[in-house]
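Here's a quick tour of a two-chain model, from the inside out. Have a look at it first, then read on.

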Amino acid sequence: MSETSASSTAITGAEIFVRSLQAEGVDLVFGYPGGAVLHIYDALYQQSEVSHVLVRHEQGAVHAAEGYAKSSDRPGVALVTSGPGATNAITGIADAYMDSVPLVVFTGQVPTSMIGNDAFQEVDTVGITRPCVKHNFLVKDVKDLATTIKKAFYIATTGRPGPVVVDIPKDVTADSCEFEYPESIHMRSYNPKVRGHTGQIRRAVELILSAKQPMIYTGGGVVLGRGSEALTEFTRKLGYPITNTLMGLGAYPASDDQFLGMLGMHGTYEANMAMHHADVLIAIGARFDDRVTGNIEKFCPHAKIVHVDVDPASISKNVKVDVPIVGEVEPVLRELIRALEENGGQPDADALKAWWDQIREWRGQDCLKYDRDSELIKPQYVVQKFWELTGGDAFVTSDVGQHQMWAAQFYGFDKPNRWINSGGLGTMGVGLPFAMGVQFAHPDATVGCITGEASIQMCMQELSTCYQYQLPLKILNLNNRYLGMVRQWQEFFYQGRYAMSYMDALPDFVKLAEAYGHVGMRIDKPADVEGALKEALAQKDRLVFLDFITDQSENVYPMIPAGAGQNEMILV
Amino acid sequence: MRHIISVLLENESGALSRVAGLFSARGYNIESLTVAPTDDPTLARMTIVTSGSEEIVEQITKQLNKLIDVIKLLDLTSYPHIEREMAMIKVSVDEPGDREEVKRLADIFRGRIIDVTRKTYVIEITGEGSKLDAFLEALEPFPVQEVVRSGVMGIARGDVALQI
């Protein structure tokens with residue numbers, strides 16, 4: 001059931017595809033051509049509204065689209081061919097699914113008459129992607145193409161966002177029909193709930209005001225739901241301590257005194273201790289992930305829990321909550337603020353003062369300290385200097401591992417959508433293509449990619465894309481010659497048996513960067529870190545690859561070992 | 001605990017595999033699943049029999065609701081309801097006296113003989129699963145060749161209706 005506008009004479013499916021993207025306001029598609037999508041590429045070639053970025057591997061296309069979406073308020077779009085094009089895209093799709101990234105991925109498919117015949121470059125894309133998409137479609141008739149694209153964007157961007165795959169057989173792109181792009185769409189089976197239940201909001205406010213040792217815990221949902229401003233107002237109004245998850249960093253300004261840092265496995269001592277001792281927990285847009293909760297039996301043993309989330313299935317999934325509120329975080333936070341005002345009650349000032357005294361004592365632990373006089377480059381120092389020199393205002397992507405945790409701990413994000421990483425799937429290799437997507441969305445911004453020598457090699461080929469489009473990224477390679485996080489676990493839990501965690505035979509990254517047409521720098525002394533970063537940042541129109549030779553033995557602290565409670569951290 | 005969940009979903013190719021995939025991906029039990037189009041050909045109705053703690057069944061219903069093709073669902077276990085399963089059983093009856101005895105058993109269980117040859121009967125029987133089990137047990141002395149069971153269908157009693 002859709003209202004339609006602007007009819008015209010028959011055009012091909014490929015032209016419908018392009019016109020639909022134009023109607024959606026898509027300005028950029030990340031992709032890679034191939035046999036099944038040749039008609040589409042031909043149609044893209046003959047217009048200029050929708051630009052196309054040619055990546056070097058389809059995984060890079062999807063991650064770049066993710067970076068674009070995560071750092072902006074627009075969905076990411078990727079276009080790949082059938083068969084291997086689609087399978088190469090899977091990691092990116094799964095990554096977007098785990099981190100709720102609004103994405104529409106178009107895959108070519110063999111002609112409808114050949115589906116199921118094991119044709120050249122045929123895979124069952126809808127079948128393969130089913131478990132890692134919010135929804136997917138196979139378009140069997142050109143007449144369904146425009147409506148399906150409309151539905152795909154609608155589903156990807158509303159409710160809890162996520163990736164939607166649209167699989168388009170080649171003959172559908174060649175067939176013709178009249179083009180009418182639906183102005184709006186209604187699906188009887190999909191009605192993302194928006195407003196929180198008024199009664200629940202009242203109950204939540206009563207519980208929130210009754211707290212003696214409150215804690216606010218927020219996740220990626222606040223960033224995705226554009227709830228940062230409302231969250232800041234809500235938190236300041238109450239004067240309660242707040243922590244963000246890895247995915248939620250930047251939703252509340254890191255430089256604010258009420259912010260206790262990130263929580264979880266590598267969260268701060270004060271954030272985890274405050275969680276453990278809280279009597280009322282206000283969880284917003286977070287999903288009680290195992291990297292946050294530690295041992296679920298020991299999680300927040302004293303707390304009554306309010307949980308706000310747009311996805312009802314996230315509520316009481318891992319942890320039973322007392323006051324669930326299903327709704328988009330921004331309007332719910334506004335309603336909570338209004339309800340607080342209407343209630344007129346105030347937080348218990350004496351209790352809150354005692355609670356903050358306790359928190360300050362925990363803060364005194366200085367859990368993120370590291371050896372600043374070391375003769376080796378400390379990875380934390382590099383991140384801290386980068387933060388200083390960029391005024392905390394860069395977009396920062398990371399890969400996965402130790403460097404990711406140091407980036408999260410030491411780059412204080414004051415704004416949302418600035419910290420782009422892979423939290424759920426934990427995908428090594430995302431950092432560089434994420435950064436490309438971010439730079440395309442923000443051509444004038446400083447975009448840093450904090451990575452390691454292992455992760456960066458997983459999508460290294462995209463350095464070529466960066467050269468083609470002259471993306472002036474700053475790549476901070478924290479090179480410790482180890483799969484650092486694997487090595488850390490082997491040191492702690494496998495008596496130092498470093499099985500396969502040593503990165504032998506590394507390339508010369510400086511020469512490699514230069515081979516791709518970029519600037520490469522190798523830094524091995526702490527005294528040179530600041531100068532190198534300054535020099536890199538000064539090269540505004542060049543990609544600079546900074547290869548920092550860091551201390552091999554450095555570990556990420558604090559750490560909650562698997563199976564432990566939040567108050568059972570290993571400290572430095 | 002055993003739950004019977006009725007689901008109304010878009011009658012589209014792939015909808016069934018989305019549901020089946022959800023159960024296997026998340027490790028939920030599935031005892032039986034029946035599905036067919038309804039009087040409205042754009043809609044399919046599915047009856048799923050599953051088991052799990054209250055928390056798990058709550059997650060199952062939430063995750064089902066999250067599937068884009070699912071329009072509505074009802075946990076029939078929360079309401080007075082009727083459930084039925086059908087079986088067709090092929091049994092050899094070429095020993096003397098078997099024809100009469102099997103016919104008598106079928107009558108007692110209100111089964112119907114729907115195919116007769118010189119050597120076999122096919123019996124159709126409808127009821128709750130436990131009744132079908134009991135009938136199969138009663139047939140144990142006879143050489144049963146084949147059993148086809150439909151899986152459970154369910155509907156709520158009275159005014160409660162799963163409709164859009």
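## A helix on the inside

Let's start with helix α17 of chain A (residues 431-441): eleven of its eleven residues are buried, so the rest of the structure largely encloses it. Keep in mind that this is a predicted model. The buried set runs from A:G431 and A:L432 through to A:F440 and A:A441, and includes A:P433, A:M436 and A:Q439.

The largest nonpolar core counts 100 residues, and A:F234, A:L281, A:I284, A:L336, A:L546 and A:F548 have the most contacts inside it. Helix α13 of chain A (residues 329-343) supplies the largest share, seven residues. Where does this core sit relative to domain 2 and domain 3 of chain A? It lies between them, because domain 2 (198-363) and domain 3 (379-549) both give residues to it.

Another core, of 46 residues, lies apart from that one; A:F30, A:F434, A:V438 and A:C466 are among its members. Two of these names, A:F434 and A:V438, also turn up among the buried residues of α17(A).

Back to A:L546: leaving aside neighbours within four places in sequence, its contacts include A:I475, A:L476, A:M521, A:I523 and A:A536.

## Where the chains meet

Chain A and chain B each bring 19 residues to their contact. About 1,500 Å² is buried between them, with carbon and sulfur atoms giving 46% of that. On the chain A side, A:R130, A:R188 and A:S189 lose the most area to chain B, together 40% of what that side buries.

There are three salt bridges across this interface. A:R188 forms a salt bridge with B:E10, with the closest N and O atoms 2.8 Å apart. Polar contacts between the two chains come to nine residue pairs.

Definitions and conventions: Residues are numbered from 1 along each chain as its sequence is written. Chains are lettered from A and ligands numbered from 1 in the order in which they are written. This is a predicted model: local features need pLDDT of at least 70, side-chain atom pairs count only at pLDDT 80 or more; totals for chains, interfaces and linings use all residues. Side-chain values use heavy atoms; hydrogens and water are left out. A nonpolar core is a set of buried Ala, Val, Leu, Ile, Met, Phe, Trp, Tyr and Cys residues joined through side-chain atoms within 4.5 Å. Buried means under 20% relative accessible area, exposed over 50%, partly exposed in between (1.4 Å probe, protein chains only). Helices (H or I, at least four residues) and strands (E, at least two) are DSSP runs, numbered from the N terminus. Domain bounds come from an automatic or database domain assignment. Contact means heavy atoms within 4.5 Å. Buried area is the accessible area (1.4 Å probe) that two parts lose on being put together, summed over both. A salt bridge is a side-chain nitrogen of Lys or Arg within 4 Å of a carboxyl oxygen of Asp or Glu. A polar contact is a pair of N or O atoms within 3.5 Å; within protein, one must be able to donate a hydrogen and the other to accept it, and residues adjacent in sequence count only if both atoms are side-chain atoms.
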